[in-house]
Amino acid sequence: MAGVRITETVLRDAHQSLIATRMKIEDMLPILEKLDSVGYHSLEAWGGATFDSCLRFLNEDPWERLRTIRSRVKKTKLQMLLRGQNLLAYKNYSDDVVEYFVKKSIENGIDIIRIFDALNDPRNIETAIKACKKEGGHAQATVSYTISPVHSNEMFVKDALRLVDMGADSICIKDMAGLLVPYAAYELIKALKESVKVPIQLHTHYTSGVASMTYLKAIEAGVDVVDCSISPMAMGTSQPPTEPLVATLKNTQYDTGLDLELLSEIADYFRPIKEKYIASGLLDVKVMGVDVNTLKYQVPGGMLSNLVSQLKQSNALNKFEEVLKEVPRVRKDFGYPPLVTPTSQIVGTQAVLNVLTGERYKMVPKESKALVKGEYGKTPAPIPEEITKQILGDEKPITCRPADLIAPELESIRKEIKDYIKQDEDVLSYALFPQVAEKFFKERDAKNNKDQAKNEDEIAAVIAAAVSSIDTEPGVRLVVRSYRRVAGSQDMWK
């Protein structure tokens, strides 16, 4: 092959994985032009949890963040992660909302949309693929990697082929838990390359410690693109580091062609930023290590942390091993879903409840009921009838695509927030995170009002100074005094 390409994740998944998506746009701006000059396949810069984090924690407009990055990145494709029919939130949305979100994402600067579904249900991906193609974007459809008695390379290839039939321009194997070990990666990529006629990209996390080796074997098998992060924001729960892979492949048939000196300069920029986040407590150095339990229990590192947290809150940490044994049983009962948001949280919470109550499915959260009912989509394996009966009673599961049950909702949302809309994209921010977005809109309006009033006061002061310096008629002085009085009033802007 003619060299491997790299997607750089430092602007999105790297900091999402390490510092809960708290990197601010001000930390990105000084390095964007240099990142743009590297020659990456793409920069993953948006989507995932960044949208929520911008609104909820950073007081940033996520759409403005995207436009700002696009204005500085002229040569490199920008990429985002989209949760299929869930978009960037945690429930299914109507098709008109999905289509409008995709349209606005591309309009504001996104080139490649990576679209995935937690259950690998292609019906939850199809609307976003079609919308992306319609708007001229690159639709990268995703197969979420997992290990179970029902999952196999044959199943993953079949899933990928169906996504290509839907119009996918490329396929990403998304190993969100870091479960894909090197020789398994070789076999999987080899099988995909033999059957799938679009480019194959591989995404993994360093959590279990094997990710760089996994990439090397995947590259030998013919993978086209891999996801890496510049070294200060790599490893641990993030992606494999960019520079060592570039150095490893140099002067081979897989040579990336990327400049190590330039990458070193970029690493130098991010090193003090990493130290800043460590000092603030946002980056816990524990997440930078290797967690072999990820491979032992086939559970993502973040899910293990959540289980520990839930048990601590119940003063039941002594039941941790029991819960870990219950997780695969619940996963089997629920049709072997890949353990990724939101299914990892659903399965984990149910396992904790089963152990703490001493009776399986005595307590069933609404999310577990929704999964069993089919509201998240079709599970990889059928859910046993006895489990369905125990959890749903006489209620029947749905068999249609979940979004088929959702009426168009875009216009009703637009009417609901008409007083807050300052840009077309605001309706989408509100659709995804209503309470968080409304709070953001109110704070934005208050700031704008304050800034406008300040500007008017400054203008009035300049006029007054100019007028007072000349011998003017009394009537002119009266006009200036009146202008200053009105400009200083907040009422005129309500």
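**View 1. Pro199 in the loop between helix H9 and strand E7.** Pro199 is partly exposed, with a relative accessible area of 34%, where buried means under 20% relative accessible area, exposed over 50% and partly exposed in between, computed with a 1.4 Å probe on protein chains only. The residue sits in the loop that runs between helix H9 (182–195) and strand E7 (200–204); helices (H or I, at least four residues) and strands (E, at least two) are DSSP runs, numbered from the N terminus. When neighbours within four places in sequence are left aside, Pro199 is in contact with Asp169, Ser170, Ile171 and Asp224, contact meaning heavy atoms within 4.5 Å. Ala168 is 31 residues from Pro199 in sequence, and the two C-alpha atoms are 10.0 Å apart in space. This is a predicted model, in which local features need pLDDT of at least 70 and side-chain atom pairs count only at pLDDT 80 or more, whereas totals for chains, interfaces and linings use all residues. Residues are numbered from 1 along each chain as its sequence is written, and side-chain values use heavy atoms, with hydrogens and water left out.

**View 2. The largest nonpolar core and the surroundings of Phe101.** The largest nonpolar core has 105 residues, and those with the most contacts inside it are Leu82, Phe101, Ile171 and Leu432; such a core is a set of buried Ala, Val, Leu, Ile, Met, Phe, Trp, Tyr and Cys residues joined through side-chain atoms within 4.5 Å. Helix H12 (residues 260–280) gives the most to this core, contributing seven residues. Leaving aside neighbours within four places in sequence, Phe101 is in contact with Trp46, Phe51, Trp63, Met80, Leu82, Leu87, Leu88, Leu428 and Leu432. A second, separate core of 30 residues includes Val299, Ala316, Val355 and Ile383. In soluble globular proteins, nonpolar side chains tend to be buried together.

View 3. The axes of H11 and H12 come within 10 Å and cross at roughly 170°, the axes being lines fitted to C-alpha atoms, for helices over the stretch in contact, with angles that run from 0 to 180 degrees between N-to-C directions. The two helices H11 and H12 are therefore roughly antiparallel to each other, a term that applies to angles over 145 degrees. Thr242, Glu243, Val246 and Ala247 of H11 make this contact with Leu260, Leu263 and Ala267 of H12. Met235 is found in the loop between strand E8 (225–228) and helix H11 (242–249), and has a positive phi of about 65° although it is not a glycine. At 33% relative accessibility, Met235 counts as partly exposed.

View 4. The 13 residues of helix H14 (residues 301–313) should span 18 Å at 1.5 Å a residue, and the end C-alpha atoms are 19 Å apart, which agrees; the expected span is 1.5 Å times one less than the number of residues. Gly301, Met303, Leu304, Leu307 and Leu311 of H14 are buried. Seen down the axis of H14, these buried residues fall within an arc of 165°, so they line one face of the helix, the arc being that of the directions from the helix axis to the C-beta atoms. The face of H14 turned away from this buried side carries the exposed residues Lys312 and Gln313. Helix H13 (293–297), helix H15 (320–333) and helix H16 (343–357) are the elements against which the buried residues of H14 pack. Asn315, in the loop between H14 and H15, has a positive phi near 50° in a residue other than glycine, and is exposed, with a relative accessible area of 73%.

View 5. H15 has 14 residues and reaches 20 Å from its first C-alpha to its last, close to the 20 Å expected at 1.5 Å a residue. Leu339, in the loop between H15 and H16, is buried, with a relative accessible area of 5%. Not counting residues up to four places away in sequence, Leu339 touches Thr146, Met176, Gln298, Val299, Pro300, Met303, Arg331, Ser344 and Val347; the C-alpha atoms of Leu339 and Val299, 40 residues apart along the chain, are separated by 7.0 Å. Pro342 also lies in the loop between H15 and H16, and a cis peptide bond with omega of about 5° joins Thr341 to Pro342.

Notes
Parallel < 35°, antiparallel > 145°, perpendicular 65-115°, else oblique.
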